[in-house]
Amino acid sequence: MFTVGPNYKDYPDSQQNKEAVMRNSLRTCVYTLLDSMRSMQVKRIAIPPIATEVYFGFPMKLCARYIIQAIIEWTMARKKELEQGDIEEITLIQPDREQHL
């Protein structure tokens, strides 16, 4: 699966507005990944940072926080409909920074 996140560098607004836009955009990306995962009956997924640092400019720590929040929100919103075994594992990965230099 593949998702494209927003480009943090494209938003000239205040820092607070940029973060709100990024949070909402990342939530949409994560929800789409998890919905696709479930509909395709995929049991495990590894999610890399989306729209971060070198290429898109969003700080890695905030990205991780927002992705984790989105996973929790998605799961809580669907906990009544999720069946045991629908999703076995969601792994967040951080690529080696040297790969991006």
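User: What volume does the largest cavity have?

Analyst: In this predicted model, the largest cavity has a volume of about 30 Å³, and the structure holds 1 cavity of 30 Å³ or more.

User: Which residues line the largest cavity, and what makes a residue part of the lining?

Analyst: A lining residue has an atom within 4 Å of a point of the cavity, and the residues that line the largest cavity are Arg23, Arg27, Tyr66, Gln69, Ala70 and Glu73. Two or more of the lining residues come from each of α1 (15–39) and α3, and α3 gives the most, with 4 residues. By kind, the lining divides into 2 nonpolar, 1 polar and 3 charged residues.

User: Why is Ile67 called buried?

Analyst: Buried means under 20% relative accessible area, and Ile67, at 3% relative accessibility, therefore counts as buried. Ile67 lies in helix α3, where the buried residues also include Met60, Leu62 and Trp74.

User: Which residues is Ile67 in contact with, leaving aside its neighbours within four places in sequence?

Analyst: With those neighbours left aside, Ile67 is in contact with Val30, Ile47, Pro48, Ile50 and Leu92. The C-alpha atoms of Ile67 and Pro49 are separated by 8.3 Å, although these residues are 18 residues apart along the chain.

Note on methods. Residues numbered from 1 in each chain as written. Predicted model: local features only at pLDDT ≥ 70, side-chain atom pairs only at ≥ 80, totals over all residues. Heavy atoms only, no water. Buried < 20%, exposed > 50% of the residue type's maximum accessible area, 1.4 Å probe, protein only. 1 Å grid on protein atoms, 1.4 Å probe; cavity = no way out; pocket = protein on both sides within 12 Å on 5 of 7 lines; lining within 4 Å. Points joined across faces, edges and corners; volume = space filled by probe spheres on them. Nonpolar A, V, L, I, M, F, W, Y, C, P; charged D, E, K, R; others polar. Contact = heavy atoms within 4.5 Å.
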